[in-house]
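Reader: I am new to protein models. Could you show me how to read one, feature by feature?

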Amino acid sequence: MRSRTAFLGLLLVAAVVQAGCARMDGTVEAEPEEANAFSYDEAAMPHARPWTLEEFENNPEEFQFAIIGDRTGGANVQGTFALAIGQLNLLQPEFVINVGDIIEGYAEDPAELSAMWEEAEAMIAKLNMPFFFTRGNHDVSFPGGKEAWRERRGPNYYHFVYKDVLFMVLDSEDSPRPEPPPEIRELTKVYKRLQTEDPEAAQRMLAEFMSDDAIVAALGRPVEFPEDQMAWIEKTLREQADVRWTFLFMHEPCWENPSGSFKQIQALLGDRKHTFFAGHLHYYDYDEIDGVEHITLGPAGASWHHDGPGNVDHLAWVTMTDEGPQIANIALKGIFDRKGLDPSLFGAYDRKGPSQ
Ligand SMILES: [Fe+2]
């Protein structure tokens, strides 16, 4: 027993020496709690040192996550979304959130719908970190779509807290929406085929589809949130009043043409620190409304709807800091692995816009 006590004492002394600020050999460590994080030979650099600060950006309260936009609504045949999944594994965010439209949907045949989900879930299963889903119109807005979602992905809206930050995933597809043209399934198949056989014809077809009055009206519609979802939003905000930030995700950027219920959501948020993210328009857009950032992501493989600087496949890379979120957008064609850019993959990153 005595020898065991002596051994523990020796361990304690060794630990104290190890955690000290200065070492007998002249090297130093910044602070005991940061032992081993940064050390150098101080004796070799008594004056000038070839660096600036010694305060590293390693606050344990900070974290990073990625947001990925629409895959579908005319998924591109280059498989951009699948490549983006590999890129996320290179970047190593702590988790990933998608803003909806993961499957092409609008499938009446349950077997066809299951195949769509299995294809998408097989891609997502390659991620090394959690992936959070948001419901998009292509995922659920057709007969059988909502039932398939419930079976595979559970609730249509939900929240979680990570490191004292609230994440709320809303469902913008929860109230009735205009029916898409009945031929949408057939058009999607033709569009997919033309992307390979005649890309210019595919672009013309897409431009014609996107200029259809019904499609333009559906894209700009006010989105109402039903009572049960409003009650959950109100309850969640009340119960999570003390978090340091709130992020809200939804498929459609409801602030573009705000409904009565969306204005109510904005009022419920009040002066709480928060940021909105959406997708659906396949075009990056930034709005600051009453001092609050409302961000619409560009696509990650979905068809391009019109030309302009927002016409880019990308990820949003968010770092949660003490002062609020820092947001970097990374174009997918700007990410390549240690072996360099594979020319055979370049087409997937450098797609042409509708009029090019
Ligand atoms: Fe959409």
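Author: Gladly; we will go from the whole chain to single residues. This is a predicted model, where local features need pLDDT of at least 70, side-chain atom pairs count only at pLDDT 80 or more, and totals for chains, interfaces and linings use all residues. Residues are numbered from 1 along each chain as its sequence is written.

Reader: How many helices and strands does the protein chain have?

Author: Helices (H or I, at least four residues) and strands (E, at least two) are DSSP runs, numbered from the N terminus. Here the protein chain has 11 helices and 13 strands.

Reader: What share of the residues is buried?

Author: A residue is buried if 20 or more other C-beta atoms lie within 10 Å of its own, exposed if 12 or fewer, and partly exposed in between, with C-beta atoms placed from the backbone. Of the 356 residues in the protein chain, 31% are buried.

Reader: How do I check the span of helix H2?

Author: The expected span is 1.5 Å times one less than the number of residues. Helix H2 (residues 80–91) has 12 residues and should span 16 Å, which agrees with its end C-alpha atoms being 16 Å apart.

Reader: Which residues of H2 are buried?

Author: They are Thr80, Phe81, Leu83, Ala84, Gln87 and Leu88. These residues lie on the same side of H2 because they cover an arc of only 150 degrees around the axis, the arc being that of the directions from the helix axis to the C-beta atoms. Just after H2 comes Gln92, with a positive phi of about 60 degrees.

Reader: And the strands: how do E6 and E7 run?

Author: Two strands pair if DSSP finds at least two bridges between them. Strand E6 (residues 158–162) and strand E7 (residues 165–169) run antiparallel, joined by 5 bridges. Val161 has Leu166 in E7 as its bridge partner. The hairpin of E6 and E7 has 2 residues between the strands, and Lys163 takes a positive phi near 50 degrees there. E7 is also joined by 5 bridges to strand E8 (residues 245–249), and these two run parallel. In E8, Phe249 stands opposite Val169.

Reader: Where is Leu170 found, and what does Leu170 touch?

Author: Leu170 is in the loop between E7 and helix H6 (184–197). Leu170 counts as buried because 27 other C-beta atoms lie within 10 Å. Two residues are in contact if their C-beta atoms, placed from the backbone, lie within 7 Å. Not counting residues up to four places away in sequence, Leu170 touches Tyr157, Leu248, Phe249 and Met250.
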